[in-house]
Amino acid sequence: MSVLLFTSLVALGSLLAGFLGSLTGLGGGVVIVPLLALVFHVDMRYAIGASLISVIATSSGAAAAYVREGFSNIRIGMFLEIATTLGAIAGALIATHVSTGTIAIVFGAVLIYSAYLSIRTQPAYPVIKNQDRLARALRLDGDYPTAKGREQYTVHRIPLGFGLMFGAGTLSGLLGIGSGAVKVLAMDQAMRIPFKVSTTTSNFMIGVTAAASAGVYLARGYIDPGIAMPVVLGALAGSMLGAKLLVNAHPKHLRAVFGVVIAALGIEMIFNGFTGRL
Amino acid sequence: MKLSEGRKSVKAMNSFGTGKSAKSMLSSAWNDQRLEVIIGNLLRAGVLLSASVVVIGGIIYVARHGSAIVDYRNFQGKLSPLRTFTGIFHGTLQLSGRAIIQFGLLLLIATPVARVIFSAIGFVWERDYLYVAFTLAVLAVLCYSLFGGSLHG
């Protein structure tokens, strides 16, 4: 394939991935790696390197828009970033020591889990009214705008959430994705942070987390400019387009379709990982 | 004494359902909010700047090598000169398209790092030294990743 054709097709594919990723809230990374590896036959190491860089671009681009709405909590973000950045370096170091087939299998499992999350209906976690001592000491509690005015919330089970976010960072560094799926476990389910707050805050954290593994990736030669250029520009344009449309869109059916697609990609990644083709 | 104070304030909090006294909440929310807006703009500027550099490098790269055949099946990253800061800067000065793209990607990686630095300044300004410490811890991890490995070699 010529440079011109490769650049155009990868940019187009990444635009679509970034668009769907931002509409469904699952992020573009989960599609970009399988797209590069399965369709364009790019080595897994180059694929996760390019995807990781695109994750920094889309998360930083979206953060500016979220900030104005006043949902994100900078203290929760900064505190949990200690866990995610340490995890990210661990993940990036693991990535350089295991076979690409193993990475493909882990990737496939994460895809299938993300598909499950996107298809199930968002459960309403019961609200815990009690104060958490640690949350108070760390000043993590906050408030966010709702239809009835600003509403208070309390953060819970901080050690568990911190540990899970270390895992989220490890997956991010290992697979070159934003790890939205583990974030749901840690911030929504364990720490009981309101959905809008956790989504916007984790988006804020993704860029910093990815930057921590990007240094390791760059030094190991995982980031090739010829692949990263169309991926970053395509994904960035796609996610900006998606964010503009999100206001009037009804993403429920879209999430279901996207869920089926990433589940299929997950199965194919696992199959190719086991047969040694990736 | 301290314990009973703590209990009293927990009780007061439960009746309001809030974690902080009204006054401290108002001031810290305002400062955090303002800090977040500044950081949001910083992130947007960083992404726009780095994307522009990547576009310029991309145009040079495709214009010069558009018809060359690419094959990324085999990983050859270990041979790339664009794995180190010196390699990237050297190539950028020679106006190599690939090096300019990589320089743009380096700016992109630096954007969230700049956000962490700004957050540290913001927390100093708020006199919240616990969070200054947290932010510096994150910054130390980022510096280890960017400067601790072979990247500077």
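Q: Is helix H9 of chain A buried or exposed?
A: This is a predicted model, and in it 23 of the 25 residues of H9(A) are buried, so the helix is largely enclosed by the rest of the structure.

Q: Nice. What span should H9(A) have, and how far apart are its end C-alpha atoms?
A: At 1.5 Å a residue, its 25 residues should span 36 Å, and the end C-alpha atoms are 36 Å apart, which agrees.

Q: And where is the kink in H9(A) centred?
A: On Ser213(A), where H9(A) has a kink of about 30 degrees.

Q: What happens just after H9(A)?
A: Gly221(A) comes there, with a positive phi of about 80 degrees.

Q: Let's pick one residue. Which helix holds Val208(A)?
A: Val208(A) is in helix H9 of chain A.

Q: Why does Val208(A) count as buried?
A: Because 28 other C-beta atoms lie within 10 Å of Val208(A), and the cut-off for buried is 20 or more.

Q: Which residues does Val208(A) contact, leaving aside its neighbours within four places in sequence?
A: From chain A there are Glu81(A) and Thr85(A). From chain B there are Pro112(B), Arg115(B), Val116(B) and Val138(B).

Q: Switching topic: what about the nonpolar core, which residues have the most contacts inside the largest one?
A: Ile53(A) and Val232(A) do, in a core of 128 residues. As background, nonpolar side chains tend to be buried together in soluble globular proteins.

Q: What does Val232(A) touch, apart from neighbours within four places in sequence?
A: Val232(A) is in contact with Ile53(A), Ser54(A) and Ala57(A), and also with Val54(B) from the other chain.

Q: Last one, chain B itself. How many helices and strands does chain B have?
A: Chain B has five helices and zero strands, in the order α-α-α-α-α along the sequence. Of its 153 residues, 35% are buried. Among contacts in chain B with a separation of 6 or more, 62% join residues 24 or more positions apart.

Conventions. Residues numbered from 1 in each chain as written. Chains lettered and ligands numbered in written order. Predicted model: local features only at pLDDT ≥ 70, side-chain atom pairs only at ≥ 80, totals over all residues. Helix = DSSP H or I, 4+ residues; strand = E, 2+ residues; numbered from the N terminus. Buried ≥ 20, exposed ≤ 12 C-beta atoms within 10 Å, placed from the backbone. Contact = placed C-beta atoms within 7 Å. Core = buried A, V, L, I, M, F, W, Y, C linked by C-beta atoms within 7 Å. Expected span 1.5 Å × (residues − 1). Bend = angle between axes of the 7 residues up to and from the residue.
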